[in-house]
Amino acid sequence: MRSIIERGEMASSHSIILLLSFLFVLSAARIESALETNEEEEVRHYHTLQLSSLLPSSVCNPSTIGNKRKGSLEVVHKHGPCSSLTGDMVKPLTVKETMTHDQSRVDLIRAKLAINTGKKDLLGSKATIPAKSGSTIGSGNYIVTVGLGTPAKKLSLIFDTGSDLTWTQCQPCARSCYNQKEPIFTPSASTTYTNVSCSATECSSLASATGNNPGCSVSTCLYGIQYGDQSFSVGFFGKEKLTLTPKDVVNGFYFGCGQNNQGLFGGAAGLIGLGRDKLSIVSQTANKYRKVFSYCLPSRASSTGYLTFGSGGMARNIKYTRLSTQGGSFYGLTLTAITVGGTKLPISPGVFQTSGIIIDSGTVITRLPPTAYSALSSAFRTQMKKYPLTKPLSILDTCYDLSNYQMITIPKISVIWGGNTNVEIAPQGILYANGVSQVCLAFAANGDDSDIGIFGNVQQRTMAVVYDVAGGKVGFAPRGCT
Ligand SMILES: *[C@@H]1O[C@H](CO)[C@@H](O)[C@H](O)[C@H]1NC(C)=O
């Protein structure tokens, strides 16, 4: 336009028409580019996906990407088709049962934190730990298979970043053992098993690792740990050779050899504790793996993920945030904001500061302060207007009937951790389906803004999650597994 005027072609009717048509072309181009930006915006802030990708599959489809390093253990969902723990041992849970058990785990975490922070009033009040038949360890757990003893015996263990002690059921099961898939470990048949003496420093470390003072029987240290009223393991504290993979062997690993075990551990032989306290596998292998481990939880139970110790073979595009010092053996993070469809929710940062948040491998659904959750669900509902709402699913209150859809478009959700670390949640971490007619926003509100937040395992799906405990940071990378 300027060049036309500069050339001094003064207003002949011809040049006015030229100018007008030029302006028209210009504004049309502007509209076009505006449209383009909208489309780009759509791609940038929304996921379009097949509804079927949110539904369970009865066939195991192992992840084709992920950490294929030799030191990686395969991670499978306890109740999925990739798990060896199928059949009578593991009754598949309904989505409702999963949610009820998940709430029990959240209550247990809260009770443990209250004990750690010295709020003793909760200790005596059993009501904070609900009496469910052994299911309080949670139902959203993932398992890995390790080798124990010499010769090594295969055992499937629940992996848990929310506790420290590793234990397995042991023969002769002096009091009781629950049903497990693999043969129960027999210490007398292993050439490398030894009892830990009552005077060992590791024996006294049991107090903080289990919340119970150790016992002593004929100079052998005794441990006891409970995960709710009817779910526990009690037995000898032992030392044994632990074979994570043929190349990753830990000699003299301290673990609980359970003589009295009760609970619905779903056919798993016990539990592997990945917490922050002294006796966790992370602490016991500090010299070998420098307190670094990472995992990827698959998008659904019909796929597989990994658990890796050490920093070998890690993704490059990891975004880190600082670990906070609060939270006892739990991994505390700092949450600063949440975005939905590219827009930051109007939540005062003080809300997250008050609650705090931990990341947990065993809690299924992320728990947020009610103030934050209501901002999240209302923004989500606004952007999901075209889909019909339906009845709530247990703790999930924002649910849609998607029976008439095959493809859906949903707003992206990102969490912004301390240090401005923006982590985008995968579509399978945004919605939780109870069939096509009830597909729910996979977040829930705590009872009170002062209750601790929990970043659950649904929201961690498909991300590589890296714990660099020595470096005081936790990192996330997209597309760790499928
Ligand atoms: C470990 O200690 C218990 C209790 O004293 C004993 O029954 C068991 O035989 C001991 N096992 C080994 C391998 O020493």
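**View 1. Four strands, E20-E21-E26-E25 in that order, form an open sheet with antiparallel pairing.** The strands at its edges are E20 (389-390) and E25 (431-433); each has a single partner strand, so one side of each is left without a neighbour in the sheet. Here, two strands pair if DSSP finds at least two bridges between them. Helices (H or I, at least four residues) and strands (E, at least two) are DSSP runs, numbered from the N terminus. This is a predicted model: local features need pLDDT of at least 70, side-chain atom pairs count only at pLDDT 80 or more, and totals for chains, interfaces and linings use all residues. Residues are numbered from 1 along each chain as its sequence is written, and side-chain values use heavy atoms, with hydrogens and water left out.

**View 2. Strand E20 meets strand E21 (residues 399-400) in an antiparallel pair with two bridges.** Look for Leu-389, whose bridge partner in E21 is Tyr-400. Helix H10 packs on this sheet and touches E20, E21, E25 and strand E26 (439-441). The direction of H10 makes about 130° with that of E26. Contact means heavy atoms within 4.5 Å. Axes are lines fitted to C-alpha atoms, for helices over the stretch in contact, and angles run from 0 to 180 degrees between N-to-C directions.

**View 3. Another open sheet of four strands has the order E17-E16-E23-E24, again with antiparallel pairing.** Strand E17 (343-344) and strand E24 (421-424) are the edge strands, and each pairs on one side only. Strands E16 (residues 335-340) and E23 (residues 413-417) run antiparallel to one another, paired over five bridges. You can find Val-340 opposite Ile-413 in E23. Helix H10 (residues 370-383) lies across E16 and E23, and runs at about 15° to E16. As a reminder, strands of a sheet pair through backbone hydrogen bonds, either parallel or antiparallel.

**View 4. The ligand sits among Tyr-193, Asn-195, Ser-217, Val-218, Thr-220 and Phe-236.** A residue is near a molecule or strand if one of its heavy atoms lies within 4 Å of it. An oxygen atom of the ligand lies 2.3 Å from an N or O atom in the side chain of Asn-195. For Thr-220, an N or O atom of the side chain is 3.0 Å from an oxygen atom of the ligand. Taken alone, the ligand exposes 360 Å², and the protein buries 50% of that; accessible areas come from the Shrake-Rupley method with a 1.4 Å probe. A polar contact is a pair of N or O atoms within 3.5 Å.

View 5. Pro-172 belongs to the loop between strand E5 (167-169) and strand E6 (194-195).

**View 6. Ser-219 has a positive phi of about 65°, although it is not a glycine.** You will find Ser-219 in the loop between strand E7 (215-217) and strand E8 (220-226). Arg-479, also not a glycine, has a positive phi of about 55°. Arg-479 is in the segment after strand E30 (473-477).

Methods: A polar contact is a pair of N or O atoms within 3.5 Å; within protein, one must be able to donate a hydrogen and the other to accept it, and residues adjacent in sequence count only if both atoms are side-chain atoms.
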